[in-house]
Amino acid sequence: MKSTQPENTGTDGPSAMPGNKTARKPLAPPMGFKPFAMIAGLVVLLDQATKLLVLAKLPLYHSIPVVQGFFNLTHIRNPGGAFGFMATGSQGLRNLLFVGVSIIAMGLIVYFYRSTPRTYPYLAAALAMIFGGAVGNLIDRLRFGEVVDFLDVYLGAHHWPAFNAADSAITVGVTIFILHLVLGKMPE
């Protein structure tokens, strides 16, 4: 006579046994692809639309004062990374490095997003913002070999390096991610 109890094959390990105190409770399911695609897509669309406007309406190295003494729209190109990192290096090596790093980072972001439970919506949104920003700047690197920047914040003669909408999304996303780390609000 066959038993109605499932056989324990030993492949599940001791923590999978019913009543075992070491078993971990399952995490909430992940957010799903739709919110990620919507947020990242919105970032890419906003980034590329603003860059298209700058390319069409503002000649290279020209500025339009928006808030006198604080903020200009200034069309520049950044061949390097953040803060002009490697801007003067070999163009071929620089592009290979930045495209490669972008692709690896995007893969890691997707991995982390897929393992982020629904109970962490801000963290999930932050990862999508970082991904969208990386895609926006990657598009520029593939098209031009450099990134179009146009947001110029300054105080007197002291300028923050020019940036764009993709950089802004990455900065906000990384800030939210760091807050989750510092406050101990990361998923297990």
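User: Which residues does His159 touch, not counting residues up to four places away in sequence?

Analyst: The model is predicted: local features need pLDDT of at least 70, side-chain atom pairs count only at pLDDT 80 or more, and totals for chains, interfaces and linings use all residues. Residues are numbered from 1 along each chain as its sequence is written, and side-chain values use heavy atoms, with hydrogens and water left out. Contact means heavy atoms within 4.5 Å. On that basis, and leaving out residues up to four places away in sequence, His159 touches Asp152, Val153 and Tyr154.

User: Which residue's side chain is joined to that of His159 by a polar contact of 2.8 Å?

Analyst: A polar contact is a pair of N or O atoms within 3.5 Å; within protein, one must be able to donate a hydrogen and the other to accept it, and residues adjacent in sequence count only if both atoms are side-chain atoms. His159 has its place in strand S4, residues 158-159; strands (E, at least two residues) and helices (H or I, at least four) are DSSP runs, numbered from the N terminus. The 2.8 Å polar contact links the side chain of His159 to that of Asp152.

User: Is His159 buried, partly exposed or exposed?

Analyst: Buried means under 20% relative accessible area, exposed means over 50%, and partly exposed lies in between (1.4 Å probe, protein chains only). The relative accessibility of His159 is 45%, so this residue counts as partly exposed.

User: In what order do the elements of the chain run from the N terminus?

Analyst: The chain has 4 helices and 4 strands. Read from the N terminus on, their order is α-β-β-α-α-β-β-α.

User: How many of the 24 residues of H3 are buried?

Analyst: H3 reaches 35 Å from its first C-alpha to its last, close to the 34 Å expected at 1.5 Å a residue; the expected span is 1.5 Å times one less than the number of residues in the helix. Just after H3, Gly145 takes a positive phi of about 80°. H3 is mostly covered, and its buried residues number 17 of 24.

User: Why does Asn137 count as buried, and with which side chain does it make a polar contact?

Analyst: Asn137 has its place in helix H3. Asn137 counts as buried because its relative accessible area is 12%. Leaving out residues up to four places away in sequence, Asn137 touches Asp47, Lys51, Val147, Asn164, Ala166, Asp167 and Ile170. Its side chain makes a polar contact, at 2.8 Å, with the side chain of Asp167.

User: At what angle do H1 and helix H4 pack?

Analyst: Two packed helices are described by the angle between their axes and the distance between the axes. Axes are lines fitted to C-alpha atoms, for helices over the stretch in contact, and angles run from 0 to 180 degrees between N-to-C directions. In H1, Val43, Leu46, Asp47, Thr50 and Lys51 meet Ala165, Ala166 and Ala169 in H4. The axes of H1 and H4 (residues 165-182) are 8 Å apart, and the packing angle is about 150°.

User: Which residue's side chain is joined to that of Thr74 by a polar contact of 2.6 Å?

Analyst: Thr74 lies in strand S2, residues 71-78. Its relative accessibility is 9%, so Thr74 counts as buried. Leaving aside neighbours within four places in sequence, the contacts of Thr74 include Leu58, His62 and Asp149. The 2.6 Å polar contact joins the side chain of Thr74 to that of Ser63.
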